[in-house]
Amino acid sequence: MKNVIVSVLMGSDSDLEVMKGAVDVLNNFGIKNEVLVLSAHRTFEATREYVMSSIARGTKVIIAGAGGSAHLPGVIAAMFPLPVIGIPIKSKSLEGLDSLLSIVQMPPGIPVATVGINSAKNAGLLAVQILSTSNKELEKKLNDFRSKQKDTVLEKTEKLKTLGVEKYLKILKK
Ligand code: RP5
């Protein structure tokens, strides 16, 4: 696919359900993206080839999710000079703390912008924010998104005031 602006990579298809959160954000903002399963360990050559081709094709941001010994975002950042956003995937044995520390503790000189465990939505939004720095239309969409988000929260507080805690919780649980 040509003109991919953001690539979304993950170490395994078992990460896909979480990673969909980032893809949904990119699609909602109309950002051309490509989604692939590529591992730093199991397919290291294909990962390298893909990143090299992304540089040649002008991809602006790579979002990478991985769990456990989560080296994928860091390995990508070693090759890709533009922003890499890392998503630590919640692992079975250590609840994703292993993933988080593997991704966030990069050596000085090769950063990975790391979001919270399973925080794919924030990774997508961070990519939108990065792209917005040079795209007024996208910046406007981002402001609209934030404005809607604010309204939703304020509506909730009004509803809570009207209904009270007990009734509000009952409705929430339905
Ligand atoms: C990592 O190992 C993947 O990112 C995934 O989160 C984890 C487990 O992979 P599978 O065994 O489910 O393929 O490389």
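Reader: Is Ser-39 buried or exposed in this model?
Author: The structure is a predicted model, in which local features need pLDDT of at least 70 and side-chain atom pairs count only at pLDDT 80 or more, whereas totals for chains, interfaces and linings use all residues. Residues are numbered from 1 along each chain as its sequence is written, and side-chain values use heavy atoms, with hydrogens and water left out. Buried means under 20% relative accessible area, exposed over 50% and partly exposed in between, with a 1.4 Å probe and protein chains only. Because its relative accessibility is 8%, Ser-39 counts as buried.

Reader: Where in the fold is Ser-39 found?
Author: Helices (DSSP H or I, at least four residues) and strands (E, at least two) are numbered from the N terminus. On that numbering, Ser-39 belongs to the loop between β2 (33-37) and α2 (44-57).

Reader: What distance separates the C-alpha atoms of Ser-39 and His-71?
Author: Along the chain, Ser-39 and His-71 are 32 residues apart.

Reader: Which side chain is joined to that of Ser-7 by a polar contact?
Author: Ser-7 lies in strand β1 (residues 6-10), and it counts as buried because its relative accessibility is 0%. A polar contact is a pair of N or O atoms within 3.5 Å; within protein, one must be able to donate a hydrogen and the other to accept it, and residues adjacent in sequence count only if both atoms are side-chain atoms. At 2.6 Å, the side chain of Ser-7 has such a contact with that of Tyr-50.

Reader: How much of the ligand does the protein bury?
Author: Oxygen atoms of the ligand lie 2.6 Å from a polar side-chain atom of Ser-14, 2.9 Å from a side-chain N or O atom of Arg-42 and 3.1 Å from a polar backbone atom of Gly-67. Taken alone, the ligand exposes 360 Å² (Shrake-Rupley method, 1.4 Å probe). Of that area, the protein buries 66%.

Reader: What is the pattern of the protein along its sequence?
Author: The protein has 174 residues, of which 37% count as buried, and its C-alpha trace spans about 60 × 45 × 30 Å along the principal axes. It contains seven helices and five strands. Read along the sequence, the pattern is β-α-β-α-β-α-β-α-β-α-α-α.
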